[in-house]
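Here are my notes on the model, point by point. Please read them with the structure open.

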Amino acid sequence: MKIIVIIPAYNEGSRIAEVVSNVHRTVPDYDILVVNDGSHDSTASSAATAGATVLSHPFNMGYGVAIQTGYKFAYAKGYDFLAQIDGDGQHDPAYIQRLLEPVISGKTDLTIGSRFLEAGSYEPSLVRRIGMAFFRKVVSLIIGTRITDSTSGYQAFNRDVIRFFTTEVFPCDYPDADMLITLHRAGFRMMEVPVRMYSNVEGKSMHGGIMPFYYIFKMLLSIFVTLLRKRKM
Amino acid sequence: MPIRQKIFALIVCVGVVIFIIDMVRRRRLREEYSVLWLTTSVIMFVLVVKYDWLETITKYIGAGLPTTTLFIGSIVFLMLISVQFSIKISKLTNQVKDLVQDNTLLRSELMNRSRSDRGGTPGSEEDEVA
């Protein structure tokens, strides 16, 4: 049984070594892959020194493309299960095993780590909380299952989902709520697992500036067209 | 339509056709992108020559003047060109993404193989790439 932990990272030179070491300490038998998304700092060398396999994009392509490169690697190398965790240290690696257990046992195809089911996680800002609440209502309504953290990037899934995500159906531009709907319509089972998430100490976010407005627009449009598309497996 | 206006419109249409064909001839414009330009120029040319057709269309769409119809036509054309470019850019973006991912995976594979050939341990590419 081959399992890989994927960590997308962009300019995380100051933290990536610690994240890789923490993951390695928590799940020593799993392979660790860092997808360096065209960083300008020491992200790649720090991750490699910490013991991870590193793939480097020639230039920055964004979170979704980086994580999909990881899926393509995992699929090509024959991995059976995959867990993904952010490279900025927000996700507590102690929960990787808990995320993987239901997937490995066949109880579900994909687990989503929810910060809202576990005490001790950070509180997002009010605006983000409102946005999250809105999209979790939309997703829960459409897929008929209660989802509390539709924007969580802390996930684990099996090879069928890995294969599915290597195709053009994967939304590389903010893959979250719309991706869950696409998965549901393709017949995959999903469930949430409580996880702890910390706030981003350096305050870097891909949701800064005017991006929240674009995010809302993109997500609503994406959900709408996803519902218009034929179901695909 | 005043004769001066007519001559000017015909010169513009013929000028655009010659310019676009020359660009295609010099391989600076692909045939697929010349279609909308040439089609629009020909339609404009025909409507200027067959002015009564233009008047009929003007009446049909409820425009005030035949020149307004030509103006609306040019805006529709520009919108179509923009949509064509947006579709092409989206396709190119996806192709660039796939190329970057393939390049990344192949480079990693190459590094691992060259390291194995030298008797090292396959794994990270970074000591060679960074």
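1. Helix H4 of chain A (residues 96–104) packs through its buried residues against strands S1 (3–9), S4 (81–84), S5 (110–114), S6 (155–158) and S7 (190–194) and helix H1 (16–26) of chain A. Those buried residues are A:Ile96, A:Leu99, A:Leu100 and A:Val103. They span an arc of only 90° around the axis, so they sit on the same side of H4(A). The arc is taken from the directions from the helix axis to the C-beta atoms. Just after H4(A), A:Gly106 has a positive phi of about 85°.

2. Terms and conventions. This is a predicted model: local features need pLDDT of at least 70, side-chain atom pairs count only at pLDDT 80 or more, and totals for chains, interfaces and linings use all residues. Residues are numbered from 1 along each chain as its sequence is written, while chains are lettered from A and ligands numbered from 1 in the order in which they are written. Buried means 20 or more other C-beta atoms within 10 Å of the residue's own, exposed means 12 or fewer, and partly exposed is in between, with C-beta atoms placed from the backbone. Contact means C-beta atoms, placed from the backbone, within 7 Å. Helices (H or I, at least four residues) and strands (E, at least two) are DSSP runs, numbered from the N terminus.

3. The sheet. Seven strands of chain A form an open sheet with mixed pairing, in the order S3-S2-S1-S4-S6-S5-S7. Strands pair here if DSSP finds at least two bridges between them. S3 and S7 of chain A are the edge strands, each pairing on one side only. Neighbouring strands are turned by 20° against each other on average, direction ignored. Axes are lines fitted to C-alpha atoms, for helices over the stretch in contact, and angles run from 0 to 180 degrees between N-to-C directions.

4. S1(A) and S2(A) run parallel, joined by six bridges. A:Ile4 has A:Asp31 in S2(A) as its bridge partner. S2(A) (residues 31–36) and S3(A) are also parallel, over four bridges. A:Leu33 stands opposite A:Thr53 in S3(A). Helix H2 of chain A (residues 43–49) carries the chain from S2(A) to S3(A) in a right-handed β-α-β crossover (clockwise from the first strand over the helix to the second, with the strands pointing away from the viewer). In S3(A), A:Thr53 and A:Leu55 point one way, A:Val54 and A:Ser56 the other, and all are buried.

5. Cores. The largest nonpolar core has 66 residues; A:Val5, A:Ile7, A:Val20, A:Leu33, A:Val34, A:Ala47 and A:Leu82 touch the most other members. Helix H3 of chain A (residues 63–76) gives the most to this core, with seven residues. A second, separate core of six residues includes B:Leu47, B:Val48, B:Leu54 and B:Leu70. A nonpolar core is a set of buried Ala, Val, Leu, Ile, Met, Phe, Trp, Tyr and Cys residues joined through C-beta atoms within 7 Å. H3(A) lies across S1, S2, S3 and S4 of chain A, at about 155° to S1(A).

6. A:Asn11 counts as buried because it has 20 C-beta neighbours inside 10 Å. B:Arg27, also not a glycine, has a positive phi of about 60°. B:Arg27 counts as exposed, with 7 C-beta neighbours inside 10 Å.

Notes. Two residues are in contact if their C-beta atoms, placed from the backbone, lie within 7 Å.
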